[in-house]
Amino acid sequence: MNRRYFEQKKGRVEIIPMIDIMLFLLVFFIMITLQMIPDKGLNLQLPTSSEAQSLPRPHFTININKDGSV
């Protein structure tokens, strides 16, 4: 009976956890980068009206014949 208590094993690099960590870091850095980019909008003060009236919508009827005439 030959017992080997100290067998030499080759070291392995587990790739699945490393991929998970790399994807997490990628998402983390993308989110941080997007928050660091300032908004390039313009501050506008549009005019307002105190007596706004809604305009009636026009109603049109268009007839198209088989020969393509309107």
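Reply: UniProt, in an unreviewed entry, places the feature "transmembrane region" at residues 21-38. UniProt positions follow the numbering used here, feature names are shortened, and annotations may be inferred rather than shown by experiment. The model is predicted: local features need pLDDT of at least 70, side-chain atom pairs count only at pLDDT 80 or more, and totals for chains, interfaces and linings use all residues. Residues are numbered from 1 along each chain as its sequence is written, and side-chain values use heavy atoms, with hydrogens and water left out.

Look at the span itself. Residues 21-38 are 89% helix and 0% strand. Their end C-alpha atoms lie 28 Å apart. Helices (H or I, at least four residues) and strands (E, at least two) are DSSP runs, numbered from the N terminus.

Now the rings. A pair of aromatic rings is described by the distance of the centres and the angle of the planes. Rings of Phe, Tyr and Trp (its six-membered ring) pair if their centres lie within 6.5 Å; planes under 30 degrees apart count as stacked, over 60 as edge-to-face and the rest as tilted. The count by this rule is two aromatic pairs. Phe24 and Phe28 make a stacked pair, 6.4 Å centre to centre with 20° between the planes. Both residues sit in helix α1 (residues 15-36). Phe24 and Phe28 are four residues apart, about one turn of the helix. Phe28 also pairs with Phe29, this time edge-to-face, at 5.5 Å centre to centre and 70° between the planes. Phe24, Phe28 and Phe29 form one aromatic cluster.

How open are these rings? Buried means under 20% relative accessible area, exposed over 50%, partly exposed in between (1.4 Å probe, protein chains only). Phe24 has a relative accessible area of 56%, so Phe24 is exposed. Phe28 is at 41%, so Phe28 counts as partly exposed.

Step back to the whole chain. Buried residues make up 0% of its 70 residues. The chain has one helix and zero strands. Its radius of gyration is 35 Å, well over the 11 Å that the globule rule gives for 70 residues, so the chain is more spread out than a compact globule. That radius is taken over C-alpha atoms, and the globule rule is 2.2 Å times the number of residues to the power 0.38. Along the principal axes, the C-alpha atoms fill a box of roughly 100 × 50 × 20 Å.
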